[in-house]
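Hi,

Here is the structure I promised to pass on. Have a look at it first, and then read my notes below.

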Amino acid sequence: MKKKKIASKVLGAMSVLTLIFLWAPVLLIIVFSFSTNKYGVAWDEFTFKWYLKLFHNDAVRDALIRSLIIAGVTVVVSTLIGTITAYGLYKLNFKGKQFLRTSILLPIVFPSIVTGSALLVFFTRFIHIPLGYPSIIIAHIVFCSPLAVFIILGRMQRFDWSWEEAAMDLGATRVRTFIRVTGPQLMPGIMASAMLIFPWSFDDFVITYFVAGVGSTTLPIYVFSQLRFGSTPVINTIGTLFVALTMTGMLLMFLLQKKTKTSG
Amino acid sequence: MHALNKPSMTQAAKRAKRKLVLEITAYLSPIILIIVVFVFAPLAIILFFSFLKSGEYGQIVYSFTFENIRAVLSGGYGKVFLQSLYLALQTNVLCILFGYPIAYYITRYGGKWKTLWIFMIIVPSWSSYLIRLYALKTIIGTNGIINGLLMNLHIISEPIQILYTPFAVALGLVFAWLPFMILPIYAALEGLDRSVLEAATDLGATPVRRFFRVILPLTRGGLLSGSILVFIPTVGEWLVPHIFGGSKIMMAGSLVAQKFTAVGNIPLGSSLAIMLATTLILILYLTIKWGGREALEKAI
Amino acid sequence: MQASNTGDTNTEPGICLEVRNVVKRFGDLTAVDHVNLKIREGEIFSFLGPSGCGKSTLLRVVAGLENQDLGDVFIAGLNVNDLPPYKRDCNTVFQSHALFPHMTVAKNIGFGLVERKISKSEIKKRVAEKIELVNLGGMEDRLPEQLSGGQQQRVALARSLILEPTVLLLDEPLAALDRKLRKEMQIELKRIQREVGTTFLNVTHDQKEALSVSDRIGIMNAGAFLQIGSPDEIYEKPRSIFVASFMGATNIFTGNVVSKKDGRIEIETPDGLKIFAPEPEGCAGDAITGFSVHPELISLESATADAPPTDPREQTEFHGKIKEVFYQGDFSEFTVALKETDMLMTVHLTRGKGYRTQLPEGQDVTVSWDYGSNNVLTG
């Protein structure tokens, strides 16, 4: 009995240390973003001035708006594609389905650097898509829609499809069935995928960096360009905003999941 | 009877087939288009480019050569590739060593805090990777809080160099990818049937023996999923060596980035990228063969 | 045949559903194998069979949720082969109820009427009627998750009945309920059917349920109907070994007809046992393959040495020894090892008149029954 207790204590201590390892750096830059220390590496006094500075910085504002537009478009398109693809993959059986599923996984598991460089060459040397919004948005859809497919597919596997049959049996056409029954039931899953994809697109650096071209600075690219100057309080504030965004998305998703659990 | 039925059967079959083709087109053509045009085609293009020459000013010369491929497989580049594989393996092992205990702890002793624990693991995995690396750099930098602390405690008199060392790169890699190992292991542990564990104890297995004979084999799938999520992106890392290794420690991804952005030798960059892609496809193929396709999909 | 080839109508009076030569395959498995069936207007017809016999698949073919590989389905005389489920004049009550979890009871029941673009006030009126029919007054605004299993069942029933289909299809709707509730719902089901007069096509694997709710039963196995008839026909005169054993006539003997006289036939088993049975109508002697006896028709006596022999033409009598006794409460089940052969017989003795508890295992006994209880099997 005693041995068991010690074992659990040791495990607990290890777990807490691991968690600290994962969180301490992030928490510290959040703390430093409110510190007057001008290198952003220590705690001096409390201040909001870096945030004010951030909002008056035109470069940051431009990058932020650009990132929001890209993530917004990506979320809408990827979620749409993800929904119909997941539906098709779930419902249809055909030769080559397994191959298609594996192919869809490729953009998710492949290192960003391969995807990014291949797309760069493809855009500039082959189909001549202008670098900027079009190339970035396409690239984001390429790696975000597969993710949407598998998130929504996961939900569909837990869905009770007799609802759909019941609706059709009661006189609803396929389209009406989707609008009245399947859609509302899958909505939490679709929303969850949107909420996961938004930060995934908003945060992406590597692929975007490759296909952005000159002048299309997104927020992560801006952060990267500032890195060579070392740590700065302004990047701390941006980092804080990033973390806040992810946490909000995650919290919303957890709440959605809880809601579907209790009503399902 | 038969004469009457036969045509109606083939008709029904034809109808079903036509319907299937129509449905595949309706539901799956967008994703097929994306995969074919923006995944397969670009890979094919860089495969093609990797056999071309690079001109003096970085332009592409359309003449066939094996030179790039040879360059990639030999000497300095080959060494960087091996180094990447080694670093990825090391990261994977370290992630398992640090990740398994915490996943196990959350499953067994998480209790009512389970959701919070998992939330605290998921958030870093979805937070901006760039920002997290930046945060770690801030801490271990020359002016960072670690050096500051050590100096204040008079353990050292001068800042020690942590950045741009192999240790920094290893630390950065584990820091970046650890959450992706914890989550699949946790999912596998959580999926274990409690009665199986009880049966093992009932049949006389000590906790340690039970772990190695029952729990570990049953969570192999989770370990495999986690390894796909950690190992494969790590081989292609660029940002971690860039931020934590400076120009001193290079990985395969660094080379690709260098050739595409700074140097501008697209054929050589392409062959490097193709080499990387081929290695990873091979690894993925072996994983699927060994662990089944499920491991790959469960990873997501 | 003409109709199935060219026409779309079939106007045989009194038949509201016809299945003609329907085949449904899943890969190598033939789930429904050349089935022909006619359902009469206003009856409760049950497909009864073990799981995997194809009964649910046949129902789903009728509903249009599966497409048959071969054959035709007519509903109210109309060929519906090419109609999707939402255009067929039949509705289904699903085993899992399949209530829409995001809609209230009233919304669930009114679902189909909204699709028919019926005015809101009319929908409200008809929903209220159906809620009363299924005794769910006061539950209108509840969500499915707030209802008990039996109540969910009622909602599912009302939701389908409100569309006034020609045939209501019930896919094992009572299987998920516990025993007491199931009994209650069987009575409800019959009451509601008698009230609305709609034809019910019920799928079940529960013999008791089929016997108590149906007007006619079709016994299915391996994708085909083995016997169709009224509950008493099916139970008392099973035609084949499968039907006999499925309906609980556990004492089954194979044998051939050896003589025929005075409306009686004599059957001899391979072991040499001879019994008499009433001569079945319209059945050639050489088609007969054996006979069965229900265990509750058999009487059981302690064997006495000086008992007078009985007339085998009136009474079938065998001798044996009690091997095991299973106490069941309202009756006891005895397994008797026969002396004449190495077969075992099952005998049920109901508590009440003539009920004996002092028949221990190992006791020598005489089993006997009226010759009329011998039911002739032909397959």
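This is a predicted model: local features need pLDDT of at least 70, side-chain atom pairs count only at pLDDT 80 or more; totals for chains, interfaces and linings use all residues.

**What turned up**

Setting aside neighbours within four places in sequence, K38(A) touches W50(A) and P233(A) (contact means heavy atoms within 4.5 Å). You'll find K38(A) in the loop between helix 1 (2-32) and helix 2 (49-55) of chain A; helices (H or I, at least four residues) and strands (E, at least two) are DSSP runs, numbered from the N terminus. K38(A) is exposed, at 58% relative accessible area (exposed is over 50%, buried under 20%, partly exposed in between, with a 1.4 Å probe and protein chains only).

Residues are numbered from 1 along each chain as its sequence is written, chains are lettered from A and ligands numbered from 1 in the order written, and side-chain values use heavy atoms, leaving out hydrogens and water.

Now chain C: strands 12-13-14 form, in that order, an open antiparallel sheet (two strands pair if DSSP finds at least two bridges between them). Strand 12 (256-261) and strand 14 (274-278) of chain C are at the edges with a single partner strand each, so one side of each has no neighbour in the sheet. Strand 13 (residues 264-268) of chain C is joined to strand 14 of chain C by 5 bridges, and E268(C) has K274(C) as its bridge partner there.

Cheers
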